[in-house]
Amino acid sequence: MSLTLTVLAFNAPIACATGYIPIAIIFGGEATPVAFLLATTILLIFSVGYVTMTRRVDRPGAFYTFVSRGLGKSAGLGTAYLAIASYMLVLIGMYVFIGVLTSDFIQSLGGPAVPWWIGGAIGFLIVSILGYFNVELSAKVLFLVMVVEILVILIFNVFTLAQGGAEGLSATPWSPAEFFSTGSVGVTMLFALMVFMGIESTALYRDEVRKPSVTIPRATYGAVTFVGLLYAVTCWALISAYGSSAVDVATNNTVDMFASAAGHFVGPIFIQITLIMAVMSSFAANVSIHNTITRYAYNLGHDRALPHVLAHVHGKHASPHIASNVVAAVVGLAIILVAILPIDGVTLYGVVVSIGTVGVLGLMAFVSFAITAWFVRLRSSNSDGPWKTYIAPALSFLALSFVVATAAINFHLVAGGEPGQYNWLLIPLPLVLLVGVVIALRLRRIDPSTYSRLGRDEPTAEHTSEEPDDTLRDPALSSTASGKGQ
């Protein structure tokens with residue numbers, strides 16, 4: 001349950017309903033719920049190969065480990081660097097979003113407009129402190145937030161749909177033909193898939209659950225299915241709340257769209273409840289994102305692809321505290337830098353998070369290809385069947401590659417401007433991947449022992465003494481995993 005909550009918190013239900021679903025409606029129109037159903041299908045297909053790989057590769061590291069096994073250690077290290085950079089962009093964008101929501105909440109109570117960076121800085125400090133401790137403390141915070149925010153969303157959905165929305169319920173939101181006629185399918189799918197971000201993080205906690213071959217598949221499939229259905233219905237309810245004017249409202253009143261609808265169909269007090277829960281939801285998401293980045297840094301420190309000190313585990317809290325502090329320092333510096341940019345908060349969070357999402361979806365496509373390649377090489381000993389090992393990973397690779405390509409081509413729709421004007425914002429993503437590849441190739445030449453560890457491989461006998469004594473095993477996930485059904 002702790003692992004599932006960590007993934008669901010990463011998805012931030014109310015934050016998505018407040019920030020991402022309205023943006024998806026801008027590009028997808030009244031049939032945007034179809035995008036969430038398609039995204040659910042794509043992610044379930046992706047999960048088939050992914051969880052099959054987790055059963056075969058008994059090492060943590062997720063994308064990093066899987067790409068290292070499937071496409072080689074150099075590609076694997078590039079993948080890990082890109083994962084850290086992409087998730088950091090998402091984390092930074094979410095701090096901006098926290099600040100924007102905090103300002104809206106204060107104004108809803110009659111207070112003054114405050115700069116986004118004030119709320120963002122407060123959220124950053126709390127998340128960074130929680131990241132120092134083990135997952136148990138974070139999981140308790142996530143559990144409370146998750147229960148309340150899901151309850152708020154369900155109440156909104158029931159009240160809005162029961163009243164028929166603004167103009168009565170329509171079948172248009174569920175029309176594939178209507179969806180594919182919008183002309184912005186790729187960008188819409190970008191934001192629809194964005195709400196599933198963090199699904200891959202289940203494999204990062206492999207060392208922290210007692211039965212990973214059971215826990216990781218359950219958490220992955222369960223999170224994808226629940227998230228997909230919840231957001232599809234919520235998108236339908238939000239569109240129904242405004243009827244034919246939904247796209248206009250999403251365009252002109254993005255952040256307040258959900259809260260205003262909740263206030264109208266449930267009760268005025270729900271405007272404040274929704275806004276404060278959106279802040280808490282974004283905060284919970286950042287706890288999960290921070291922990292995910294920290295574990296990537298921990299794994300790379302363990303393999304000495306980053307400074308080995310990052311692999312140290314706190315003696316009392318059993319947490320990768322040094323990696324957490326380093327991640328916090330880098331993100332804090334980035335927040336200071338983006339705070340001085342002359343860009344409004346809504347635009348800033350949309351662009352920064354979108355860049356990070358393109359990176360994450362590109363990684364998911366990359367790992368799908370790597371999984372296929374790995375099973376092709378092991379076909380003589382493959383007992384999992386062609387669907388799990390070849391067909392599903394190949395299909396997810398094609399689908400995710402299409403979304404990434406179309407989103408990159410139409411990135412001007414997200415950033416504003418003319419076609420191709422802001423595509424340069426995506427250039428750092430392949431550059432980070434290339435840096436990781438170059439570093440791995442250099443390690444292969446000058447430090448073969450370190451190179452042999454990349455991808456969380458077991459060390460050879462002559463290098464065993466160099467392995468760190470620290471083992472990351474948080475008691476929250478370990479104890480949860482040993483309970484009933486796990």
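Contact here means heavy atoms within 4.5 Å. The structure is a predicted model, in which local features need pLDDT of at least 70 and side-chain atom pairs count only at pLDDT 80 or more, while totals for chains, interfaces and linings use all residues. Residues are numbered from 1 along each chain as its sequence is written, and side-chain values use heavy atoms, with hydrogens and water left out.

Two packed helices are described by the angle between their axes and the distance between the axes. Axes are lines fitted to C-alpha atoms, for helices over the stretch in contact, and angles run from 0 to 180 degrees between N-to-C directions. Helices are DSSP runs (H or I, at least four residues), numbered from the N terminus.

Helix α15 (residues 345–377) packs on α16 with axes 8 Å apart, at an angle of about 155°. Because angles over 145 degrees count as roughly antiparallel, α15 is roughly antiparallel to α16. The crossing of α15 past α16 is left-handed, a term for a near helix turned anticlockwise from the far one by less than a right angle. On the α15 side, the residues that meet α16 include V358, L361, F369 and F375; their counterparts in α16 include Y390, F397, L400 and V403. This contact comprises 15 nonpolar, 6 polar and no charged residues. In this classification Ala, Val, Leu, Ile, Met, Phe, Trp, Tyr, Cys and Pro are nonpolar, Asp, Glu, Lys and Arg are charged, and the others, Gly among them, are polar.

Helix α16 (residues 386–409) also meets helix α9 (residues 185–194), the axes coming within 8 Å and crossing at roughly 115°. G186, M189, L190 and L193 of α9 make this contact with L400, V403, T406 and A407 of α16. These residues divide into 6 nonpolar, 2 polar and no charged.

The loop between α8 (176–180) and α9 contains T182. This residue is partly exposed, with a relative accessible area of 28%, partly exposed being the range between buried (under 20%) and exposed (over 50%), for a 1.4 Å probe and protein chains only. Leaving aside neighbours within four places in sequence, T182 is in contact with F27 and G28.

A nonpolar core is a set of buried Ala, Val, Leu, Ile, Met, Phe, Trp, Tyr and Cys residues joined through side-chain atoms within 4.5 Å. The largest such core has 145 residues, of which F36, M189, F191, L238 and V331 touch the most other members. Helix α5 (residues 73–108) supplies its largest share, 19 residues. Beyond four places in sequence, F36 touches I21, A24, A192, V195, F196, Y231, A232 and C235.

Technical notes. Helices (H or I, at least four residues) and strands (E, at least two) are DSSP runs, numbered from the N terminus. Angles under 35 degrees count as roughly parallel, over 145 as roughly antiparallel, 65 to 115 as roughly perpendicular and the rest as oblique.
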